[in-house]
Amino acid sequence: MAKNETDPEGKVCIAQIGAAHGVRGEVRVKLFAEEPDALFDYGPLETADGKRQFEFLSARESKTVFVCRIKGLNNRNDVEALNGVRLYVDRAQLPDLEEEEFYHSDLIGLDARLEDGTSIGTIVAIHDFGAGDMLDVMPKRGKGYYIPFTRAVVPEVKVSEGYVLVTPPDGLLDEADESERAQEGEGVDFSKAPELLDGLKHE
């Protein structure tokens, strides 16, 4: 299973520090968990190399991120130097999932395959636009596409074997092929998706 190359073994990325917010040490944080309590429940979060730890004091939601205060960071200069730093927790600290639930981190990097074994791309992210979870699949060529993460469309998830089985809705792959032909040689520049903590239900 492909991972972000900088991610340490045995750890899961909980959050990523972003830009400074104001001048008093607050910082924008992208959270990779369903609840902001994840910033506090596991104790101080650490960097990939384990050399630095960060204790969150507060977090309030602001659009797609959280504005946070971190112990020891008291001004804008302190937090600007941390922009882009990813924060981790030991996987052993995470709660067990129920049957047919998965961590985002377990799905990202898996191969998406058709019933005949044909690979249609790699899962690079999971999104929820309000109508349920969608797998963001990026093929080797052309533009990516979204696949509903439902039992009907993704009947099998084989994490240990590195793939998911996909029975795509009619027209989904045809639309992707047409887009590729219309923009020959052009692709989508997807940034590497971080490991996400959210537990997904495979409904």
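Reader: What is the relative accessible area of Glu80?

Author: Glu80 counts as partly exposed; buried means under 20% relative accessible area, exposed over 50%, and partly exposed in between (1.4 Å probe, protein chains only). The model is predicted, so local features need pLDDT of at least 70 and side-chain atom pairs count only at pLDDT 80 or more, while totals for chains, interfaces and linings use all residues. Residues are numbered from 1 along each chain as its sequence is written, and side-chain values use heavy atoms, with hydrogens and water left out. For Glu80 the value is 41%.

Reader: Which residue meets Glu80 in a salt bridge?

Author: A salt bridge here is a side-chain nitrogen of Lys or Arg within 4 Å of a carboxyl oxygen of Asp or Glu. The bridge of Glu80 has an N to O distance of 2.9 Å.

Reader: About how many helical turns separate Glu80 and Arg76?

Author: Helices (H or I, at least four residues) and strands (E, at least two) are DSSP runs, numbered from the N terminus. Glu80 and Arg76 are both in helix 2, four residues apart. Because of that spacing, the separation is about one helical turn.

Reader: How many salt bridges does the structure hold?

Author: Lys11, Glu46 and Asp90 are linked in a network of salt bridges. The total for the structure is seven.

Reader: How many residues apart are Lys71 and Glu55?

Author: The side chains of Lys71 and Glu55 meet in a salt bridge of 3.9 Å, N to O. The pair links distant parts of the chain: Lys71 is in the loop between strand 6 (65-70) and helix 2 (76-80), and Glu55 is in the loop between strand 4 (53-54) and strand 5 (56-62). Lys71 is exposed at 55%, and Glu55 is partly exposed at 37%.

Reader: Is Asp106 buried or exposed?

Author: Asp106 forms a salt bridge with Arg91, with the closest N and O atoms 3.0 Å apart. Arg91 lies in the loop between strand 7 (86-90) and strand 8 (101-103) and Asp106 in helix 3 (residues 104-107), so the pair ties together parts 15 residues apart in sequence. Arg91 is partly exposed at 31%. Asp106, with a relative accessible area of 11%, is buried.

Reader: Which residues form the negative surface patch?

Author: Patches are made of residues with over 30% relative accessible area and no salt bridge, with like charges joined within 9 Å and nonpolar side chains (Val, Leu, Ile, Met, Phe, Trp, Tyr) within 5 Å. Asp and Glu count as negative. One member, Asp41, is found in helix 1 (residues 38-41) and is exposed, with a relative accessible area of 56%. The patch is formed by Glu34, Glu35, Asp37 and Asp41.

Reader: What is the arrangement of the rings of Phe102 and Phe149?

Author: The structure holds one aromatic pair, where rings of Phe, Tyr and Trp (its six-membered ring) pair if their centres lie within 6.5 Å; planes under 30 degrees apart count as stacked, over 60 as edge-to-face and the rest as tilted. Phe102 is in strand 8 and Phe149 in the loop between strand 12 (145-148) and strand 13 (156-158), 47 residues apart. Phe102 is buried at 13%, as is Phe149 at 4%. The ring centres are 6.3 Å apart and the planes at 75 degrees, so the pair is edge-to-face.

Reader: What is the phi of Lys63?

Author: Lys63 is found in the loop between strand 5 and strand 6. Lys63 is exposed, with a relative accessible area of 80%. Although Lys63 is not a glycine, its phi is positive, at about 60 degrees.

Reader: How far apart in space are Gly18 and Val85, C-alpha to C-alpha?

Author: Gly18 is in strand 1 (residues 11-21) and is buried at 17% relative accessibility. In sequence, Gly18 and Val85 are 67 residues apart. In space, their C-alpha atoms are apart by 7.7 Å.

Reader: What distance separates the C-alpha atoms of Leu165 and Pro155?

Author: Leu165 lies in strand 14 (residues 163-165) and is buried, with a relative accessible area of 14%. Leu165 and Pro155 are ten residues apart along the chain. Their C-alpha atoms are separated by 6.2 Å.

Methods
Areas by Shrake-Rupley, 256 points an atom, 1.4 Å probe, with all protein chains shown as cover. Charge placed at Lys NZ, Arg CZ, Asp CG, Glu CD.
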